[in-house]
Number of protein chains: 2
Amino acid sequence: MTNVRVAGVGLTHFGEHPERTTRDLFAEAGTTALDDAGIDRDAVEGVYYGNFMGEVAEHQGHQGPLAAEALGLDVPATRFESACASSGVAVREAVKNVRNGEADVLLVGGAERMTNLPTSETTEGLAIAADDLYEVRAGLTFPGAYALMADAYFQEFGGSREDLAHVAVKNHANAVGNEHAQYQKEISVEDALDSPTVAEPLHLFDACPITDGASALVLVSEDYAEEHGLDASVAVTGTGQGGDKMALQDRESLCRTPAAGDAADEALGEAGLDTGDIDVAEVHDCFTIAEVLALEGMGFYESGEAIAAARNGETTRDGHLPVNLSGGLKAKGHPVGATGGSQLVELTKLLRGDHHNSDAVPDAGVGLAHNAGGTVASVTVHVLEEVEA
Amino acid sequence: MTNVRVAGVGLTHFGEHPERTTRDLFAEAGTTALDDAGIDRDAVEGVYYGNFMGEVAEHQGHQGPLAAEALGLDVPATRFESACASSGVAVREAVKNVRNGEADVLLVGGAERMTNLPTSETTEGLAIAADDLYEVRAGLTFPGAYALMADAYFQEFGGSREDLAHVAVKNHANAVGNEHAQYQKEISVEDALDSPTVAEPLHLFDACPITDGASALVLVSEDYAEEHGLDASVAVTGTGQGGDKMALQDRESLCRTPAAGDAADEALGEAGLDTGDIDVAEVHDCFTIAEVLALEGMGFYESGEAIAAARNGETTRDGHLPVNLSGGLKAKGHPVGATGGSQLVELTKLLRGDHHNSDAVPDAGVGLAHNAGGTVASVTVHVLEEVEA
């Protein structure tokens, strides 16, 4: 087994690009990643691609071959769909292929086109990631699902809308200067508290936006990086995946995400690390409460104790564990199929030192990415480390 | 790297089950496979699941966790979508995980629910596997696409509708006695020739039906099989994948499928075999012409020479290379996401000797499965061999 290196990364702007297809978005991100890696297209052996709602948004399934073709690659290509963790699972399988010698160079990532639909249709399309029989037909969509989780959290552990507002404020502050981010502006706690209700207790600024965009990474084997003299100073040293029951009603707790713990334990175990070793994290904050649940689920905090982490400055850019220095899904945006890959792009830049927030973590050597699908029925965790190039 | 063993297999009936969900179908196939393997649910480490059109047919994406949950498994689960090759790619990634020691026991397969929609909507849903921008908007659906391929074949190499009719006649004859098959009855060449036009030159009996169903296999490492004394006498000794441009218009030839050759070369190369070593094959005959193109693409025949294979009795049950002893997609049925997995189920039974057509190939030791997506823009090939249990 070999360490897997990140040789190059690429992102489109995350935002409203309703006129662009997913293949077009992915071609841009992939081209950027290949250029960043300094690798010719001929070297790429396969594409591992995440997309969630192409069938609904573009009348387009079978996007693997389209993603490869748009990027000028004549190689096998596979589409993964695990709701909002679609590119997390794509990255995970690609990592395992490279570390086991199945391939030396793979292009991974994902893309999503969402703003070409009316918002109501996008929300309806997103609901396809929930249990149609037992949740969606009862009227549940994801804002409602996460509102139930937030309510359950408040009832069991306490906490307030103001605590959650600090998560949004933090992530918006982190997005300032991120040229790829959908919202590159700060908000105040009052802005968040005063924003319109989406599903009580969650308001507009507790929710990530609807976003178009793509992410891509070039993963290479350690041997390939050395043989070709690549400047690949970031390694993926751990990958983990967890699964849970799809419908909230079937869970033991509405405010715990044990699958995230399973994924984190596996990824950290592979890396030979624990949560205390992580310098910087990108976690799946589709709603503010999701960031809280992620940090607790993975063991960074005990249950009930992460609610004040942002408020207390523990997860802000100056805290001991900066979380979502990209801006997170909340402010950077959430093009569903691209998000998992984009988290690794951000971590790679933070570890290389060419991120817009690199000055917040100049000595960061270890990063963790947490990408969740649905109400965390699917989740991947990856550990990235700075190594000798 | 270890050989991967098939410890157990399961299928639902392939046919019209409009009232059953994909999760329900998959739970039946998976339970059968686990019972066949004699393995407890607790031993399963992950689910690799293929589904193509759940979003359209059931308003249900994110089916990985649902598939696991329905089967009573509390493990990570990933959904693969590569059109009609969805479970082919799921099997492939699972095989690589097991042979590289990433897991010892994985449950793989797929499911599709299709007959709950009106046929026109199913055809429209299937078209999502073609290029929406350059094919579907111009009016192309899959019967038309394969009709273009058949026309191009006839123009370049000759051949006739009657040659293709023999493929349908052969596969229907093979399905007799297959309790899982949608159509367990013989047809005549005249029946095929006289059937209604679908898209000239293809008629109704050149096309596979619309089908509900599921397939499942339990894959285990060689070490696990030995340690647990499993009766697992079939090994997956090769896996390959190919990719091509999505739209027919971008291909150099309309009547060649080079991606199938890439996949076959890879799978056979891993197994250390060539086409002459294959005793029995299951190939993707979504239309009769597809079986011809598959046999040529993989190198069993030169281009232009497989058209008369069925007519000449070379691929019938008494021929030197029996093809689609299951009945194929044509007569057994084609529940899209289940098909790739179901091909390996059939081969496993043929190699074990408990297939309804085992008497046709009593000495078969090597089988090959070819599963294609779209107009063969995605394709997997697997090689299975009988080994010491």
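Leaving aside neighbours within four places in sequence, Ser303(B) is in contact with Phe157(B), Arg256(B) and Glu296(B), where contact means heavy atoms within 4.5 Å. This is a predicted model, in which local features need pLDDT of at least 70 and side-chain atom pairs count only at pLDDT 80 or more, while totals for chains, interfaces and linings use all residues. Residues are numbered from 1 along each chain as its sequence is written, chains are lettered from A and ligands numbered from 1 in the order in which they are written, and side-chain values use heavy atoms, with hydrogens and water left out.

**Two serines**

- Ser303(B) sits in the loop between α11 and α12 of chain B; helices (H or I, at least four residues) and strands (E, at least two) are DSSP runs, numbered from the N terminus.
- Ser303(B) is partly exposed, with a relative accessible area of 34%; buried means under 20%, exposed over 50%, and partly exposed in between (1.4 Å probe, protein chains only).
- From Ser303(B) to Glu81(B) there are 222 residues in sequence and 29 Å in space, C-alpha to C-alpha.
- Ser253(A) is found in the loop between β8 and α10 (258–271) of chain A, and counts as buried at 15% relative accessibility.
- The side chain of Ser253(A) makes a polar contact with that of Arg256(A) (3.1 Å). A polar contact is a pair of N or O atoms within 3.5 Å; within protein, one must be able to donate a hydrogen and the other to accept it, and residues adjacent in sequence count only if both atoms are side-chain atoms.

**Helix α7 of chain B**

- Helix α7(B) covers residues 161–175 and reaches 21 Å from its first C-alpha to its last, close to the 21 Å expected at 1.5 Å a residue; the expected span is 1.5 Å times one less than the number of residues.
- Because 12 of its 15 residues are buried, α7(B) is largely enclosed by the rest of the structure.
- Among the buried residues of α7(B) are Asp163(B), Leu164(B) and His166(B).
- The partners that these buried residues of α7(B) pack against include α6 (142–157) and α11 (288–297) of chain B.
- Just after α7(B), Gly177(B) has a positive phi of about 95 degrees.

**Between chains A and B**

- In the interface, 52 residues of chain A are in contact with 52 residues of chain B.
- The area buried between the two chains is about 4100 Å², of which carbon and sulfur atoms give 46%; buried area is the accessible area (1.4 Å probe) that two parts lose on being put together, summed over both.
- His59(A), His62(A) and Ile128(A) supply 18% of the area that chain A buries against chain B, more than any other three residues.
- Across this interface the rule finds 6 salt bridges; a salt bridge is a side-chain nitrogen of Lys or Arg within 4 Å of a carboxyl oxygen of Asp or Glu.
- Glu102(B) and Arg99(A) meet through their side chains in a salt bridge (2.8 Å, N to O).

**Salt bridges within a chain**

- Side chains of opposite charge can pair when their charged atoms come close.
- Arg113(A) and Glu58(A) form a salt bridge (2.9 Å, N to O), and both residues are buried.
- Asp24(B) forms a salt bridge with Arg20(B), with the closest N and O atoms 2.7 Å apart.
- Asp24(B) is partly exposed at 34% relative accessibility, whereas Arg20(B) is buried at 17%.
- In chain A, Arg20(A), Asp24(A) and Glu28(A) are linked in a network of salt bridges.
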